[in-house]
Structures are given as structure tokens and as C-alpha cells.
Amino acid sequence: MRLICSVVVALAGLAVAGCGPAMEGESPRAAGAWRQLPDPPLAPRDHAVVVGVGERMLVVGGWEFLCPPDADCSAPDSPRFADGAVYDPAADSWTATAPAPFGLVREEYATASIGETAWLLTGCQDGRSVCDAHPRLLSYDLDADRWTDHGAVPGKKAYRHLVAVGRHLLAYSGSDEHGERPDAHFDPRTSTWSELPDDPLPGTFDRYVVPVGDQQLVLAASSAAALERGQDAGKLVARFDLDAGRWTRLPDAPGEGYQLLPSDRGPLLNGHFIGAPGWLLDPDTWTWSELPEGAGEGHDLNGVLDGDRAVYDIPNSVGQMASGNRLLIYDSQKQGFLTIPALPEREDVYDDSSTALGRDLFVYGGQRWTVGAQGSASDGELVGDAWLWTAPGD
């Protein structure tokens, strides 16, 4: 393996020197290849928050939480990191940011971007060992290098996800199992909240929302009553029109499925190891079709690659998943599947943070442990490098 080294000086910001390995036989920016990015100006950490914003990447927060693989560890009481940095692919360099209002750690489905602004929904605050505070909405303007705390999401405390719908945001409840929690709509132009009308579905859990265009969203959720009866929970589906302010019940998904993902061809329900790779909901006819064969059996979908964007949903470790299992992506343009190649330099790293940077896959941080002679983890270290997988084009 050879080394690719570079020294990049940003015209307005931080000078960063980077030296990292390129995969043997690959150009450092070749489509379908991994490359190591210049080192971020951050201390090594795990559970950092990562948000793709336009053509740049925000990395902020995280903590020093070392825990051996498969061990049961208590979350640390030490303060979380509040510092951050922005990576600019055009300059191949990093710039340090103003610190967040308080320390942050990664939370599932809790980030979005609109224009050049990153949005974070967080129940984590300094002084708490777990992320169970009333969720607050933060924003970071990359051009102005400015954080804004928009306060707590109105209504009862609930575990919420965040999604951008056009120029607006929706902070929606992940479950109705412990009572209805109205989904909260936020207008960044006026900094005001409003409640969506109650959806037409019965009590549900595993609720997922994706946008369809700028004024519609689709909700897919599993039936709590069916689960209580010992039946397949299935996915119940409804559509909300922001202009009309009205819900419409849609046909139930044809399979049990799990999370809903956006795609250029319409909302995609991940089959999640259950009988089929997944199903697409046509936004013109609101009918379902099964994804094509070719994914292979026993494989989850870990993302969708579209014409000018992607979404990646990779649990715990990109390196471990790509090396020991299979990172399977649906290509909506070619209507087929592709596999993200292994990243041997990080196959023993976990608790990393990953997300889409345009169509590419960005990975940062994590931890690794040395395995002793008896097979037990003996020494852990935090990881601070960053990698980018360049998605293939047409």
C-alpha cells in the first residue's frame, strides 16, 4: 500500500496537512474507491454528529466513551465535546467551527440540512449521562459560523426524529405506544412551531417519515395492535399535504419491512431481511412495487443512491459492515444494487459516525480495541481519522 500525501491551505481558514493510505491500484478520487481525508482539527472521539450540508460536511460533538465490543458499559458522566469542524471537498481541507451551545453526541435520525444550514434535534445536554432530556432544536449556519438554539420542541417529551420537507422541518414522534405525541412542524423563516393534525393510523411504533417533493410527506408505521395479537406488524401508510393541511390514508405496504427511505423513484420501504429487498411507493399512482431481484438473500439495505444525492443508514461500523458482512445500496437510477467495498484500515473500528456527502459516503471517528491472547479486549483507543467513498456515476 502506498501513501497519498497532500498539504492544502484554505484561502480563509485553517491550513491542514494530510497524509493517508490509498487503496492499492486506485486513484485517490476514483469512483467506487475509498480514500482517507486530511486529519480533522479535532481530538479523536466516537459518537460524533455528522451532517452533510450542501457540498460540505459538518462534524461536531462526540465523546470519549471507550467500551469493549459486546460489553455492557455505563455512559460516561464526563462532558461531551462541543467543538466541531467543516470539511470542504473542493479545497480538501478542514476549518474549525464555533463551538455548539453545549456538548453533543450522535442520535439516530436526528439531523437535516436546508441550504447552507445544518439542523440538529438533540435530547443530550451537558451534565446528563444519557440523552433523555426534552428534545431541543439547534441550527448551525456554515457561512456565518453561527449556532442558534431554537429551544425545546413544544408538547410532551418524546423520542423524536427530524426530517426536512422542502424549506421546513418536521420533528416527529418515533412511536405512539405510550400515547399520541403530535408531530411538530417548524418554519425556519419565522422560527415558529405548529402541530400537524393527528394522522389517520391507529396506535403505531417504528414511525418513519420521508418527503415527497417540497409539500408532501409519507408516513409508514407498524401496527401496535397487530404486534400485541402476535401477528406481523406490517406497515401502515399515510400521506400529508402541507398546503392542504390534510392526511390521506394510502395502501398498506405489501411486506413487513422496517424503515422508510427517500429515493428519486418514491419512498422506499427497506425489506430488512424479511422476504424481499424492499418495496417502492410510486408518488404518481400511490401504488407499491417490489424491488428487483439481485440483492441476494439475507441482506439488509443500507442506503439509496440517487442521481444527485444519497442516503446511508449504516449501524455502528462502516468498516466492520463492509468487511465482515455486506453494505448493500439500491441504485435508483439503474434500478439495481451495488455493494460498497471493504475498508480494511477500519474493519476493527466501531461506534463511528457516517452519513452522505452529496452522493458519497463519509465516515469519521470511532474506537478500536486490541484483542489479547485469551481473546478478550485488553486495550482500547479512540479514532480520529475520516474517510470518503466516492459513489460511481453513470
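Which residue stands opposite Ala 220 in S18? That would be Val 237. Here is the setting for that pair, and a tour of some other spots.

## Before you start

This is a predicted model, where local features need pLDDT of at least 70, side-chain atom pairs count only at pLDDT 80 or more, and totals for chains, interfaces and linings use all residues. Residues are numbered from 1 along each chain as its sequence is written, and side-chain values use heavy atoms, with hydrogens and water left out.

Two terms come up a lot. Strands are DSSP runs of E with at least two residues, while helices are runs of H or I with at least four, and both are numbered from the N terminus. Two strands pair if DSSP finds at least two bridges between them.

## The sheet with Ala 220

Ala 220 and Val 237 face each other across S17 and S18. Strand S17 covers residues 216-223 and strand S18 covers residues 236-241; the two run antiparallel and are joined by six bridges. They belong to an open sheet of four strands, in the order S16-S17-S18-S19, with antiparallel pairing. At the edges you'll find S16 (204-212) and S19 (246-250), each with a single partner strand, so one side of each has no neighbour in the sheet. Neighbouring strands here are turned by 25° against each other on average, direction ignored (axes are lines fitted to C-alpha atoms, for helices over the stretch in contact, and angles run from 0 to 180 degrees between N-to-C directions).

A handy thing to keep in mind: in a regular strand, side chains alternate between the two faces of the sheet.

## Another four-strand sheet

There's also an open sheet with the order S12-S13-S14-S15, again four strands with antiparallel pairing. Its edges are S12 (160-165) and S15 (192-195), which have a single partner strand each, so one side of each is left without a neighbour in the sheet. The twist averages 25° from one strand to the next.

Look at S12 and S13 (residues 168-173): they run antiparallel, with six bridges between them.

## A hairpin

Strands S6 (residues 84-88) and S7 (residues 93-96) pair in the antiparallel sense over four bridges. Ala 85 has Ala 96 in S7 as its bridge partner. Four residues lie between the strands of this hairpin, and there Asp 92 takes a positive phi near 50°.

## Rings

Rings of Phe, Tyr and Trp (its six-membered ring) pair if their centres lie within 6.5 Å; planes under 30 degrees apart count as stacked, over 60 as edge-to-face, and the rest as tilted. By this rule there are ten aromatic pairs. One of them is Phe 240 with Trp 247, a tilted pair at 5.1 Å centre to centre and 55° between the planes. Phe 240 is buried at 3% relative accessible area, and Trp 247 is buried too, at 11% (buried means under 20%, exposed over 50%, partly exposed in between, with a 1.4 Å probe and protein chains only).

Tyr 87, Trp 94 and Phe 362 make up one aromatic cluster. Elsewhere, the charged end of Arg 45 sits over the ring of Phe 81, 3.9 Å from its centre (this takes NZ of Lys or CZ of Arg within 6 Å of the ring centre and within 35 degrees of the ring normal).

Cys 67 counts as buried at 9% relative accessibility, whereas Cys 73 is partly exposed at 29%.
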